Amino acid sequence: MEVRQLRYFATLAEELHFTRAAARLHIAQPALSQQIRRLEDAVGVALVDRSTHRVALTAAGQALLARARTVLAEVDAARAELADLAGVRAGRLTVGITPTPGPLDLPGLLAAFHAAHPEVELDVREGLSVELAAQLRGDALDLAFVTTLAASDRAQLETTRLAAEPLVAAVPTGHRLAEQGSVALADLAGERLVAFPRRATIRELLERRAAAAGLVLPVAFEVGGGARARALVARGLAVAVLPHGDATAPGPAVAVVPLADQAFVHEVHVAQRHGRRPSPAAHAMRRIALDRHR
């Protein structure tokens with residue numbers, strides 16, 4: 001069993017597609033297939049189910065994946081630490097980001113890190129905060145920028161709040177709510193809503209508060225990020241509840257109205273797995289993030 005084979009296997013497990021995995025690894029597909037076969041020969045069991053058109057992991061493959069990610073994370077951390085001792089920062093930093101960064105200037109943060117450490121290869125993955133939390137626990141990410149997580153989703157993680165800002169109502173210009181001083185949830189109950197996917201932090205908060213008030217918020221559109229939600233609002237198709245930073249960033253014109261409920265606050269945290277020694281690159285990214293949001 002070789003570290004290279006484990007890395008190939010972990011990449012295949014993420015893509016569940018030989019062609020895409022080979023492209024990510026910059027190798028030919030037959031070479032990837034051959035290395036996976038050799039890994040299976042080494043462990044003595046099938047790791048990948050090839051009986052269908054879609055690649056799937058066997059039970060043994062799922063079990064090995066968790067171990068493989070831990071091994072690869074430690075290998076990458078060791079390499080980065082040794083490179084750091086030699087005065088050269090290199091390797092790869094895998095970062096998860098929420099699609100609703102709100103007050104966090106993620107492009108600026110990534111640019112600042114790259115300017116300080118251009119030798120480090122950045123691998124940035126977007127996903128819901130609950131998904132990123134699971135990837136942190138599985139060592140698929142070095143660190144992540146997430147929104148507020150429930151206690152169960154914070155298990156095994158260390159989180160530090162970076163920034164916070166209010167959630168606001170984004171409505172089309174000229175909408176009946178555009179000139180109000182504030183908007184209550186009851187005002188949104190009769191509107192078509194563009195919302196984030198289920199399990200998204202803002203969606204969960206909205207539905208929890210609406211249920212407590214005996215309200216139903218009809219979701220007409222479901223999107224993965226603030227920019228697309230805002231574009232739909234600007235076209236007059238719906239209203240949305242967004243972080244203030246996403247609602248007021250450069251983009252399509254919408255009217256931004258405060259929410260009457262002051263509990264609607266959007267927080268962004270930097271998170272990493274508890275007990276995992278961060279690589280020098282991960283430590284540097286976290287430090288830059290904290291310095292930029294003191």
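Reader: How many salt bridges does the count come to?

Author: Start with the idea. Side chains of opposite charge can pair when their charged atoms come close. A salt bridge here is a side-chain nitrogen of Lys or Arg within 4 Å of a carboxyl oxygen of Asp or Glu. By this rule the count is 19.

Reader: What should I know about the model first?

Author: This is a predicted model, where local features need pLDDT of at least 70, side-chain atom pairs count only at pLDDT 80 or more, and totals for chains, interfaces and linings use all residues. Residues are numbered from 1 along each chain as its sequence is written, and side-chain values use heavy atoms, with hydrogens and water left out.

Reader: Which helices and strands make up the secondary structure, and how many are there?

Author: Helices (H or I, at least four residues) and strands (E, at least two) are DSSP runs, numbered from the N terminus. The protein has 11 helices and 11 strands. Its C-alpha atoms fill a box of roughly 65 × 50 × 35 Å along the principal axes.

Reader: Where do Glu-40 and Arg-50 sit in the chain?

Author: Their side chains meet in a salt bridge, 3.2 Å from N to O. The pair links distant parts of the chain, 10 residues apart: Glu-40 is in helix H3, and Arg-50 is in the loop between E1 and strand E2 (56-57).

Reader: Is Glu-40 buried or exposed?

Author: Glu-40 is buried, because its relative accessible area is 7%. Arg-50 has 32%, so Arg-50 is partly exposed.

Reader: What does the salt bridge of Arg-273 and Asp-139 link?

Author: First the contact. The side chains of Arg-273 and Asp-139 meet at 2.8 Å, N to O. This pair links distant parts of the chain, 134 residues apart. Arg-273 is in strand E11 (residues 265-273). Asp-139 is in the loop between helix H6 (129-137) and strand E5 (143-147). Both residues are buried. There is also a network: salt bridges that share partners join Glu-14, Glu-15, Arg-20, Arg-24, Arg-92, Glu-121, Asp-123 and Arg-125.

Reader: At what angle do the axes of H1 and H2 cross?

Author: Axes are lines fitted to C-alpha atoms, for helices over the stretch in contact, and angles run from 0 to 180 degrees between N-to-C directions. H1 and H2 cross at roughly 130 degrees, and their axes come within 8 Å. Therefore H1 is oblique to H2. For angles, under 35 degrees is roughly parallel, over 145 roughly antiparallel, 65 to 115 roughly perpendicular, and the rest oblique.

Reader: Is the crossing of H1 and H2 left-handed or right-handed?

Author: A crossing is left-handed if the near helix is turned anticlockwise from the far one by less than a right angle, and right-handed if clockwise. This crossing is right-handed. Now take helix H5 (residues 106-116) and helix H11 (residues 280-292). They pack at an angle of about 130 degrees, with axes 10 Å apart. So H5 and H11 are oblique to each other. H5 passes H11 in a right-handed crossing.

Reader: Which residue other than glycine has a positive phi near 50 degrees?

Author: Most residues other than glycine have a negative phi. Leu-16 has a phi near 50 degrees, a positive value. Leu-16 lies in the loop between helix H1 (3-15) and helix H2 (18-25). For Gln-156, phi is near 70 degrees, again positive. Gln-156 sits in the loop between E5 and strand E6 (157-171). Gln-156 is exposed, because its relative accessible area is 52%.

Reader: Which residues make a nonpolar surface patch?

Author: Patches are made of residues with over 30% relative accessible area and no salt bridge; like charges are joined within 9 Å, nonpolar side chains (Val, Leu, Ile, Met, Phe, Trp, Tyr) within 5 Å. Areas come from the Shrake-Rupley method with a 1.4 Å probe; for residues, only the protein chains shown count as cover. Here Met-1, Val-43 and Val-45 make a patch of about 250 Å². Val-45 lies in the loop between helix H3 (29-43) and strand E1 (48-49). Its relative accessibility is 40%, so Val-45 counts as partly exposed.

Definitions and conventions: Buried < 20%, exposed > 50% of the residue type's maximum accessible area, 1.4 Å probe, protein only.
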